[in-house]
Amino acid sequence: SEDVIRTDMIIIGAGPCGLFAVFEAGLLGMKCHLVDNLDKIGGQCAELYPDKPIYDIPAVPRCTGQELVDRLMEQIRPFEPAFHLKEQASDLRRLEDGRWRLETDAGTVLEAPVVVIAAGAGSFVPRRLPLPEAERFEGTSLFYAVRKMDQFRGRNILIAGGGDSALDWVLNLQPIAAGMTLVHRRDEFRAAPDSVEKMRRLVAEGRMRLVIGQISALDGEGDRIRSVTIKGTDGTSTLVPCDTVLAFYGLKMELGPIAGWGLNLDRNLIAVDTAAFETNQPGIFAIGDICTYPGKLKLILSGFHEAALMCQKAFKYCFPEQKLIFRYTTSSTDLQKKLGVA
Ligand code: FAD
């Protein structure tokens with residue numbers, strides 16, 4: 001159909017290794033589309049440690065996780081990569097002509113001769129409420145993210161969690177909600193002090209409730225929540241009437257749909273050869289934390305090397321009639337033109 005996006009290389013995962021793959025691919029004339037189910041670029045560096053310093057990137061004595069991502073973005077800008085964020089790569093199949101067709105959970109369809117899996121430890125997904133009845137309410141009265149704020153106007157909301165997401169949504173939704181309760185397992189918060197202070201002021205003014213404890217049960221009718229039971233640290237239970245629960249317990253990584261793509265797996269990692277980091281499926285490569293081979297080190301610098309070698313073979317799938325000539329960026333005007341510096 002007309003909605004299919006055709007490109008040279010589909011990269012699953014916009015972490016540091018997927019980003020550097022765009023650079024190596026770009027030097028060889030290959031265009032890339034990246035898919036990541038996070039709402040931001042940078043994988044673990046951006047999601048788990050944006051402010052922590054990294055000391056072992058070659059020739060960069062020190063930079064934070066976010067700085068590394070920003071520098072990679074600057075380095076790949078000349079190659080104009082396309083990003084599909086907040087989309088999970090869900091279905092991968094081979095076309096009759098040997099190329100691959102990837103579909104995301106948002107319905108985006110991409111086709112390319114090369115697919116690079118740079119998926120780290122898998123998709124970042126929200127930690128769910130560990131209660132058997134939770135699934136029944138999911139999507140109608142229990143949510144793990146806010147897509148459209150207006151959906152929650154006039155609702156009697158209970159928010160669970162103690163980090164920035166929980167506090168930000170308490171403050172943003174309180175003015176439009178019919179009622180607001182925040183539940184956290186202890187009376188200390190990881191969120192920005194300013195947000196915590198604003199929340200405490202709303203509680204003092206009687207405009208919302210703060211309950212310390214853990215959600216122990218959800219009650220309701222059909223898929224509609226009516227009330228939530230909260231168990232305090234002293235063992236007492238509190239029943240909070242509400243019609244909407246938003247839980248922000250942070251993110252975890254899980255392999256997800258990739259497990260069903262017929263790739264050789266070794267304990268949730270994808271087995272590759274070390275000549276080209278190709279999987280058992282021709283044209284599908286795996287680089288970065290997700291790949292495994294004898295001697296593999298889960299370091300960013302290893303993923304950079306894997307990206308460079310992977311592209312040498314990917315070139316053959318993209319341009320079967322062309323000969324690949326080895327060139328340096330320092331001396332090749334052809335490469336410098338691609339980089340926009342010549
Ligand atoms: P990731 O960074 O994990 O990114 C993978 C991305 O793929 C994720 O954003 C995920 O959402 C996405 N994804 C997965 N599956 C799908 C799918 N099906 N659809 C869509 N998207 C998907 N390394 C170092 O070298 N030096 C350090 O000092 C260092 N410090 C660290 C400190 C901490 C606290 C942590 C947690 C890690 C550290 N690491 C360090 C490890 C380093 O962050 C990883 O090696 C690196 O992030 C791996 O990069 P990647 O591109 O392979 O994958």
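**Legends to close-up views of a predicted model**

**View 1. The whole protein.** Of the 342 residues in the protein, 35% are buried (20 or more other C-beta atoms within 10 Å of the residue's own; exposed means 12 or fewer and partly exposed in between, with C-beta atoms placed from the backbone). The model is predicted: local features need pLDDT of at least 70, side-chain atom pairs count only at pLDDT 80 or more, and totals for chains, interfaces and linings use all residues. Residues are numbered from 1 along each chain as its sequence is written. The protein has 8 helices and 24 strands, taken as DSSP runs (helices H or I, at least four residues; strands E, at least two) and numbered from the N terminus. Along the principal axes, the C-alpha atoms fill a box of roughly 70 × 45 × 40 Å. Contacts (C-beta atoms, placed from the backbone, within 7 Å) between residues at least 6 apart in sequence join residues at least 24 apart in 60% of cases.

**View 2. The shell around the ligand.** The ligand has 37 residues around it, of which Gly13, Gly15, Gly43, Gly120 and Gly288 come nearest; a residue is near if its C-beta atom, placed from the backbone, lies within 6 Å. At least two shell residues come from each of helix 1 (16–27), strand 3 (32–36), helix 2 (43–47), strand 11 (123–126) and helix 7 (300–318). The shell divides into 20 nonpolar, 13 polar and 4 charged residues, where Ala, Val, Leu, Ile, Met, Phe, Trp, Tyr, Cys and Pro count as nonpolar, Asp, Glu, Lys and Arg as charged, and the others, Gly among them, as polar.

View 3. Strand 14 (residues 179–184) pairs with strand 15 in the parallel sense over 4 bridges, and valine 183 is opposite valine 211 in strand 15.

**View 4. Surroundings of tyrosine 144.** Tyrosine 144 is in the loop between strand 12 and strand 13. Tyrosine 144 counts as partly exposed because it has 19 C-beta neighbours inside 10 Å. Leaving aside residues up to four places away in sequence, tyrosine 144 touches Pro126, Arg128 and Ala247. Its C-alpha atom is separated by 9.1 Å from that of leucine 129, 15 residues apart along the chain.

Terms used:
Two strands pair if DSSP finds at least two bridges between them. Two residues are in contact if their C-beta atoms, placed from the backbone, lie within 7 Å.
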